[in-house]
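Reader: I would like to go through this model step by step. Please start with the terms, then take the chain and its residues in turn.

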Amino acid sequence: MDRWIGKVAVVTGASSGIGAAIVKDLAKAGMITIGLARRVERIVELKKDLPKEAAARLHAMKCDVSNESEIETTFKGITEKFGGVDVLVNNAGIMRSHNLLDLGHSADIRAVIDTNVTGLVLCSQWAYHSMVKRSVSGHIVHINSIAGHSVPNFPKISVYPGTKHAVTAITETMRQEMREAGTKIKVTSVSPGAVKTEIVEGVELPKDMTWLQPEDISEAVLYAIGTPPHVQVHEIIIKPIGEAF
């Protein structure tokens, strides 16, 4: 991680869960870390969990990644204030609990797609062009899911697995485009199994499940971005011991 000290990392959905764990670890690792979220006050609260120097490196910016104009304004602001983006972690994601074929949930379906897919792509575009413009061999990380590789057999997860399958395909598309453009920018998909976060609240899951913790996923992100420049970690799948799917 030494080569990232003093560089700029942006993490979406940073107010809780996996995103909160990632921004804390990146700040402790020496990166200027910008947490994006709708609830910025919760990112500010995270500073209390950090040593003084790391807390000074953590910054909060309000951004709803389902809103294209907010993404544009936010990334332009990051460029003006911090110079650009060296690492982007697309962590923001939502799930809505209902059957895919139930009527009356079109707003929920659009919200999940806009956050999990469209927002991820738009944030990646802004970060990528920041890296290219400054000739930075940066890194984009997508927090995907095992639901992006198969469809877990439990009810009411609706369009969520479809959005995560899209992230799996998007990751490879980005890798190919980065290669064809002659860049040394990396892209990595990190696909957790069951993680104990707010996203699963209200979802009907087996009562006896073993859970990963947000810190487990953050450690994987730091591993991926900490690899040598010639190493491309394309996919990391992480499951808790005994997971049934």
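Author: Buried means under 20% relative accessible area, exposed over 50%, and partly exposed in between, with a 1.4 Å probe and protein chains only. This is a predicted model, in which local features need pLDDT of at least 70, side-chain atom pairs count only at pLDDT 80 or more, and totals for chains, interfaces and linings use all residues. Residues are numbered from 1 along each chain as its sequence is written, and side-chain values use heavy atoms, with hydrogens and water left out.

Reader: With those cut-offs, is Lys 156 buried, exposed or partly exposed?

Author: Lys 156 sits in the loop between S5 and helix H6 (160-180). Helices (H or I, at least four residues) and strands (E, at least two) are DSSP runs, numbered from the N terminus. The relative accessibility of Lys 156 is 27%, so Lys 156 counts as partly exposed.

Reader: What is the phi of Lys 156?

Author: Lys 156 is a residue other than glycine, yet its phi is positive. The value is near 65°.

Reader: In what order do the elements of the chain run?

Author: The chain has seven helices and seven strands. Read from the N terminus on, the order is β-α-β-α-α-β-α-β-α-β-α-β-α-β.

Reader: Why does the chain count as compact as a globular protein of its length?

Author: The radius of gyration is taken over C-alpha atoms, and the globule rule is 2.2 Å times the number of residues to the power 0.38. For 245 residues the rule gives 18 Å. The chain is as compact as a globular protein of that length because its own radius of gyration is close to that, at 17 Å.

Reader: What share of the residues is buried?

Author: The C-alpha trace spans about 45 × 45 × 35 Å along its principal axes. The chain holds 245 residues, and the share that counts as buried is 50%.

Reader: Among contacts between residues at least 6 apart in sequence, what share joins residues at least 24 apart?

Author: Contact means heavy atoms within 4.5 Å. Pairs at least 24 apart in sequence make up a share of 72%.

Reader: Which residues does Ser 191 contact, beyond its neighbours within four places in sequence?

Author: Ser 191 belongs to strand S6 (residues 186-192). Ser 191 is buried, because its relative accessible area is 0%. Its contacts are Asn 144, Ser 145, Ile 146, His 149, Glu 235, Ile 236, Ile 237 and Ile 238.

Reader: From which residue does the backbone oxygen lie 2.8 Å from a polar side-chain atom of Asn 91?

Author: Asn 91 is in the loop between strand S4 (87-90) and H5. Its relative accessible area is 11%, so Asn 91 is buried. Beyond four places in sequence, Asn 91 touches residues including Val 11, Thr 12 and Ile 143. The oxygen belongs to Gly 13.

Reader: Is Ile 225 buried or exposed?

Author: Ile 225 lies in helix H7 (residues 214-225). Among the residues it touches, beyond four places in sequence, are Met 1, Trp 4, Leu 26 and Val 141. With a relative accessible area of 0%, Ile 225 is therefore buried.

Reader: Is Ser 135 buried or exposed?

Author: Ser 135 lies in the loop between helix H5 (106-133) and strand S5 (139-143). Its phi is positive, about 55°, although Ser 135 is not a glycine. Its relative accessible area is 67%, so Ser 135 is exposed.

Reader: Which side chain makes a polar contact with the side chain of Glu 45?

Author: Glu 45 is in helix H2 (residues 40-46). Glu 45 is partly exposed, because its relative accessible area is 43%. At 3.0 Å, the partner is the side chain of Lys 48.

Technical notes:
A polar contact is a pair of N or O atoms within 3.5 Å; within protein, one must be able to donate a hydrogen and the other to accept it, and residues adjacent in sequence count only if both atoms are side-chain atoms.
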